[in-house]
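Hi,

Here is the model I promised to pass on.

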Amino acid sequence: MTTNRREFLKTTAVVGGGLTLGVFLPAQLDQAVAAGTLHTPNAWVHIADDNTITLLSARSEMGQGVYTSMPMLIAEELGVDIRKVKVEIAPVAPVYTNALLGAQITGGSTSVRDGWDKLRIAGAQVRTMLVNAAAAKWKLDAAQLRAADGKVTGPGGRSATYGELAEAASKLPVPEKVTLKQARDFKVIGKPTKRLDTAHKVNGTAEYGIDVKLPGMVYASLEQCPVIGGKPVSFDAAKAKAMPGVIAVVQIRDGVAVVADTWWHAKKAREALAVQWDEGAVARISNASMQDGIRNASDATIPIKQTGDAKAALGSASKKLSAEYWSPLLAHATMEPQNFTASYKDGKCLVIGPAQYQQGTQGNVATAIGLKPEDVTVKTTFLGGGFGRRLEYDFAVQAAEISKAVGKPVKLLWTREDDTTHDFYRPMALHRMTGGLDASGKPVALTLQLTSQSITQRAFGLPKGTLDPFMAEAAVVGYDIPNMTQELIEHDSGLRVGYWRSVSHALNAFANESFIDEMAAAAGKDPYQFRLALLGQQPRFAKVLKLAAEKSGWGKPLPKGHYRGIALMEGYDTYMAQVAEISVDKDHAIKVHHVWVAADLGQMVNPDTVEAQIQSSIAFGLSSALGAEITLDKGRVQQTNFHDYPVLRMNEMPKIDITLVPSSEKPGGIGEPATALIGPAVANALFAATGKRVRRLPLSAQHIQSA
């Protein structure tokens, strides 16, 4: 392959059996190609004449560490120091599609799982081409040469850096079949590695969406209807236009934007707007009406899985029990409020900001402002938290519409209040659970029925009545129970909903693991021993359960007033158990003192990041388990900021002990499982502490009192 300067590069993709695709490089890389100093064997790895190596990361960095784990996969096969691999975010292109999600998306704990083979193959391709280039140059058999430490060496003291060989290598055919390193030979993968982006975040050179500046840029603050989905009918901007710094007041589909020379001027002038709204259908919705609709839903039941005959087994069970579990609406509450910068000019539009779904951003911006997708360039910054919120693109579309209206580059920045009241919320959910025990207290049947809203129907047009796999996550337990039925009801409550960190794992694990605890109590058995007895055919489950119990001292005395709870789940190909130690004060407030985690996520790339992900997931999950909840009244979200939508404070963070199981299994995801599991672990500890089974999240004083 040869580099075609200043044009699209013809690159060979690993996915699709050698399919050739055009991939456009970011500006700084494109300039290096034009200067003849950068050579591109494939869509991910770029080697410059000065021997620097750049990975084009197809996944957004939102704190989860992909700007380190992805280069580690490349560095392993290239045989280079990870610190010598630079990272740039990939442009929008089909070659960067996440094979596990079907689009260029960062989410679902898929980054390492999707890149595991893809990026190692890319690195091995480059290594093979460099060796072949050296073999041709030295007229030697490639088998005599070795690639390591950024150079190819051969007999007689021959040596050449990757940079010296890169141009010749780029002209060779890309090998379709390459040999990957065996795990026993890994020198980079599996070794704790400090993050490559830390220095940039410390010294302020890491660019988040909120940091973006363009020449001639102005600022926008957008007044949106207090009811999600409402539209402006008319507005009076006379007072706003008279305020300092105001450049324009424009109406777009989602509201009325004030554009000014500073964001503060825009925000203050926005407060002077008088807008008449058509509040739309959501104005009829409240928490009570949503709960009634879910409880009485008449939508068709969709099967997830059936094992044995649960109905018959329940009919003959010695003891039968049932329970209902409720999970509330939740906001994402990213630390960086939603924002995007857009520059529309001459039928082209540049949008820059924190995106998890680049293709969706590009396509929807194009549609909104009447362009073709190829006329919209998306540049992705660091994300100040994503959690699924930045899979949406409403704020990018708004910025583009405002930029087109005023003819200037515009940075749109939401307030925290905008963010909390105009989210795509995790849906409300009801679980109906039934179980049966035989005379010895052994489970003979278990059923789960989830009623909730399908996010995938809203986001991707999944036909109604079709099983939404993102609703079925963690619905099927790993226990050896002979008769089980899991099913769901997709009921549209009328409010827009979105993917939230761990998606339905958190909903289903809360119901399943709380109810398994109820079954253990009904059987008069220890919750840990009850679970372990059901894992004879599940060695990976049994391993992490035993480790969590052992590390937490399960069964041993605790300080006075302290109690333990345990929970178990598989999610994203990761097997995890958690034990939570809590106390409850006289006002029914829960304090989580200690959490033990045992996880088997297969082959780990960076154990350091794995531990950080688990810690952050527990903090995120505890926020929702202990106090966070979104409620509606007449379509209006009642919470506005962190004072009434709390996130975990530093003084509330428990001590966390993590045990990672060495494994050669394929990599599992780790960014989300711990978020789902901490809720039921704490709920089960609460039962041990109080004898009350709280079946409604959050585990607030009010819900504890009413249980």
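Predicted model: local features only at pLDDT ≥ 70, side-chain atom pairs only at ≥ 80, totals over all residues.

Residues are numbered from 1 along each chain as its sequence is written, and side-chain values use heavy atoms, with hydrogens and water left out.

Domains. The protein chain is assigned domain 1 (17–187), domain 2 (212–280 + 338–413) and domain 3 (297–330 + 425–706); the bounds come from an automatic or database domain assignment. Between domain 2 and domain 3, the C-alpha centres are 38 Å apart. Contact here means heavy atoms within 4.5 Å, and by that rule eleven residues of domain 2 touch 13 residues of domain 3. The two domains bury about 960 Å² between them, with 54% of it on carbon and sulfur atoms. Buried area is the accessible area (1.4 Å probe) that two parts lose on being put together, summed over both. On the domain 2 side, Ile 228, Phe 387 and Glu 392 lose the most area to domain 3, together 54% of what that side buries.

Glu 392 turns up again in a salt bridge with Arg 458, at 2.6 Å from N to O. The rule (a side-chain nitrogen of Lys or Arg within 4 Å of a carboxyl oxygen of Asp or Glu) finds three salt bridges across the interface of domain 2 and domain 3.

Sheet one. Helices (H or I, at least four residues) and strands (E, at least two) are DSSP runs, numbered from the N terminus, and two strands pair if DSSP finds at least two bridges between them. On that basis there is an open sheet of four strands in the order S24-S25-S26-S29, with mixed pairing. Its edge strands are S24 (563–571) and S29 (655–660), each of which pairs on one side only. From one strand to the next, the twist averages 15°; axes are lines fitted to C-alpha atoms, for helices over the stretch in contact, and angles run from 0 to 180 degrees between N-to-C directions. Inside the sheet, S25 (residues 574–584) and S26 (residues 590–600) are antiparallel partners over ten bridges, and Ser 583 sits opposite Lys 591 in S26. Helix H16 (residues 539–552) lies across S24, S25, S26 and S29, at about 30° to S25.

Sheet two. Another open sheet has three strands in the order S7-S8-S9, with antiparallel pairing. S7 (146–148) and S9 (159–161) stand at the edges with a single partner strand each, so one side of each has no neighbour in the sheet. Neighbouring strands are turned by 20° against each other on average, direction ignored. S7 pairs with S8 (residues 151–153) over three bridges, and Arg 146 is opposite Thr 153 in S8. H3 packs on this sheet, touching S7, S8 and S9, and its direction makes about 50° with that of S8. Helix H4 (residues 162–170) also lies across S7, S8 and S9, running at about 80° to S9.

Ser 109 has a positive phi of about 50° although it is not a glycine; you will find Ser 109 in the loop between strand S6 (85–89) and helix H3 (111–138). The peptide bond from Leu 697 to Pro 698 is cis, with omega near 0°, and Pro 698 lies in the loop between helix H18 (673–690) and helix H19 (701–706).

Cheers
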